[in-house]
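Student: Hi! Could you walk me through this one, starting with the aromatic rings?
Tutor: Happy to, let's have a look together.

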Amino acid sequence: MDLDLASLRTFAAVIDEGTFDAAARVLHITPSAVSQRIKALEQQVGRVLVQRAKPVRATESGHVVLTLARRMAHLEREAMSSLNPDEATTSTLSLVVNADSLSTWMIPALARLAPEHRALFDLHREDEFHSTTLLKEGTVMAAVTSVPEAVQGCTVEKLGSMRYRALCSRDYAERWLPDGPTPDALAVAPMLDFDRKDELQARFLRGFTRRRLQPPRHFVPGSSAFSDAVRHGLGWGLLPELHTGDDHGLVELDPSRPIDVPLYWQRWKLDSPILAALTTAVRDGAREALR
């Protein structure tokens, strides 16, 4: 079965733009032509690919075709750049990265990519335990993740581990933990979570207290804001050593119990020079920053 490149390009535009009309404007064709291409593609694969909602969304089968469409577009751009080096265009690299990596080592790593690659980055932020979802959906071509099992069609390699320590301010410790971080105190002392997907604090709490506690929680979805919330006594939370260093001026709940979160690099399994160069840049950056 040979899938039409124009139909694949149209399908990706529909998902990216959210409506058939918007995709038509980007592709400089009529909405009717967009609709016809999508219907033809669905008939060819024998599956419904688009949920006709606002915005439109890819179905489960659509995510498979979307990944193919994005890979074909990437290979097409690289081939044209090789054939016409004087007319080389920029390549957009879509990545998903966890917030703490994004705020510490990832940007310097991306800056290692040589200027001649003419790369633009489309960065998505997602919890490291959930980031492979965007790979499976075809939204991104590479991910920093804590999932060691390779997504279908991807390669995986370990980058290292990011170490976290449970910390709070001195004022917070005096108010909420006057006798130290006992299980009874931690049951009522406010805790910080990044968002509702964040299980790092709960993991530490279970290991430290051997109890399933449900303390009051603040949700602070930003690495810098989360660190500020700890420092200002809003609650206790786990901060990466890359944020705090050795002299952090905070109270550690249990210095003998750091949490190391392994990080992996997953990317499309393609013979792509720019993806290979990106992988080298990420690998080198991680080697310098992570454990």
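**Aromatic pairs and a helix**

Tutor: This is a predicted model, and it holds three aromatic pairs.

Student: What are the ring distance and plane angle for Y172 and W176?
Tutor: Their centres lie 6.4 Å apart with the planes at 35 degrees, so this pair is tilted. Stacked would need planes under 30 degrees apart, and edge-to-face over 60.

Student: And where do Y172 and W176 lie?
Tutor: Both are in helix 8, which covers residues 170-176. They sit four residues apart, about one turn of the helix. In general, an α-helix has 3.6 residues a turn, so residues three or four places apart point the same way.

Student: Is Y172 buried or exposed?
Tutor: Y172 is buried, at a relative accessible area of 2%. W176 is partly exposed, at 26%.

Student: What lies over the face of F219?
Tutor: R196 does, 4.0 Å from the ring centre.

Student: Switching topic: how many residues does helix 13 have, and what is its reach?
Tutor: Helix 13 (residues 273-289) has 17 residues and reaches 25 Å from first C-alpha to last. That is close to the 24 Å expected at 1.5 Å a residue.

Student: Which of the residues in helix 13 are buried?
Tutor: They include I274, L275, L278 and V282, along with G285 and A286.

Student: And what covers them?
Tutor: Among the elements covering the buried residues of helix 13 are helix 4 (60-83), strand 6 (154-168) and strand 11 (259-268).

Terms used
Residues are numbered from 1 along each chain as its sequence is written. This is a predicted model: local features need pLDDT of at least 70, side-chain atom pairs count only at pLDDT 80 or more; totals for chains, interfaces and linings use all residues. Side-chain values use heavy atoms; hydrogens and water are left out. Rings of Phe, Tyr and Trp (its six-membered ring) pair if their centres lie within 6.5 Å; planes under 30 degrees apart count as stacked, over 60 as edge-to-face and the rest as tilted. Helices (H or I, at least four residues) and strands (E, at least two) are DSSP runs, numbered from the N terminus. Buried means under 20% relative accessible area, exposed over 50%, partly exposed in between (1.4 Å probe, protein chains only). A charge sits over a ring if NZ of Lys or CZ of Arg is within 6 Å of the ring centre and within 35 degrees of the ring normal. The expected span of a helix is 1.5 Å times one less than its number of residues. Contact means heavy atoms within 4.5 Å.
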